[in-house]
Structures are given as structure tokens and as C-alpha cells.
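Please open the model in a viewer and keep the sequence at hand.

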Amino acid sequence: MQAMGEAHEALDRMAALGAAKAEAERQYRIAKRVRIVWERGNGTPVTIIGDVVCGYDDIAQLRFARDCAEAEYDANREALLLAKKQIDTIREVIAREWSAAHGQ
């Protein structure tokens, strides 16, 4: 049953993708915090620090990595949900055919 195999594969990837997503978020937040503190120490107005910090190449790269990890996690989650839906559809077809064959 192909849908069941796809569901198992997607489920097996969830832990690793979740950890990668969390690690990317952690790295981004730490680097952003360091840059914010540095900008604050240099007298950058508080109202623009967030925008200034996000413009640094290293912060932008970490944000990009974070967003990619999140997209990959979400895509895998959707694949898992799709496989589960396919399994449910097959289960319903089997139940309907079994009921029709047994007069129920």
C-alpha cells in the first residue's frame, strides 16, 4: 500500500525536520539578539533597530535558513496529512465495497 509507505516515510522525517527547524530558529534568534544589543550600544534609535538588524547579511542568511527549514517542515507535514487522507479514502472504499458485497 503506497499511501501507507508514504505516511511512514513522512512521519520518519518529522523529528529530524522539526529539530532542524528549531535549530535554525535558535541560531537566528541568538544572532539577532547579539546584533540588537550591538546596535543599541552604538546608539541606533530603538524604532529602527529591528529593520537595521534584519538587513545585515549574516542575519538575513540565518532568517532565510530558518524560513527554508520551516517551509520544508510544513511541506513534509502536508505530505503526511495527504497520505493519511489517501489511506482514509482507501479505507472508505474498502468498507463500502465490503458492505455492498455482504448486503449491509
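Begin by selecting Asp-12, which is found in helix α1. Is Asp-12 buried or exposed? Its relative accessibility is 61%, so Asp-12 counts as exposed, the cut-off for that class being over 50%. Bear in mind throughout that this is a predicted model.

Next, select the two helices α1 and α3. Helix α1 comprises residues 2–41 and helix α3 comprises residues 57–101. Display their axes: these come within 8 Å and cross at roughly 160°. How are α1 and α3 oriented to each other? Angles over 145 degrees count as roughly antiparallel, and α1 and α3 are therefore roughly antiparallel to each other. The handedness of this crossing is left-handed. Colour the residues of the contact of α1 with α3 by class: 19 are nonpolar, four are polar and 12 are charged.

Now move to the loop between α1 and α2, the latter spanning 46–54, and select Asn-42, which lies in that loop. Asn-42 has a relative accessible area of 48% and is therefore partly exposed, a class that runs between the 20% limit for buried and the 50% limit for exposed. Asn-42 and Gly-55 are 13 residues apart along the chain, and 16 Å separates their C-alpha atoms.

Finally, select the whole protein. How many helices and strands are there? The protein has three helices and zero strands, and its pattern along the sequence reads α-α-α.

Orient the view along the principal axes. The box filled by the C-alpha atoms, taken along these axes, is roughly 80 × 25 × 15 Å. The radius of gyration of the protein is 23 Å, whereas a compact globule of 104 residues would have one near 13 Å.

Colour the protein by accessibility to complete the overview: buried residues account for 18% of the 104 residues. Then display the contacts between residues at least 6 apart in sequence; of these, 68% join residues at least 24 apart.

Conventions: Residues numbered from 1 in each chain as written. Predicted model: local features only at pLDDT ≥ 70, side-chain atom pairs only at ≥ 80, totals over all residues. Heavy atoms only, no water. Axes fitted to C-alpha atoms, helices over the stretch in contact; angles between N-to-C directions. Helix = DSSP H or I, 4+ residues; strand = E, 2+ residues; numbered from the N terminus. Parallel < 35°, antiparallel > 145°, perpendicular 65-115°, else oblique. Left-handed = near helix turned anticlockwise from the far one by under 90°. Nonpolar A, V, L, I, M, F, W, Y, C, P; charged D, E, K, R; others polar. Rg over C-alpha atoms; globule rule 2.2 N^0.38 Å. Buried < 20%, exposed > 50% of the residue type's maximum accessible area, 1.4 Å probe, protein only. Contact = heavy atoms within 4.5 Å.
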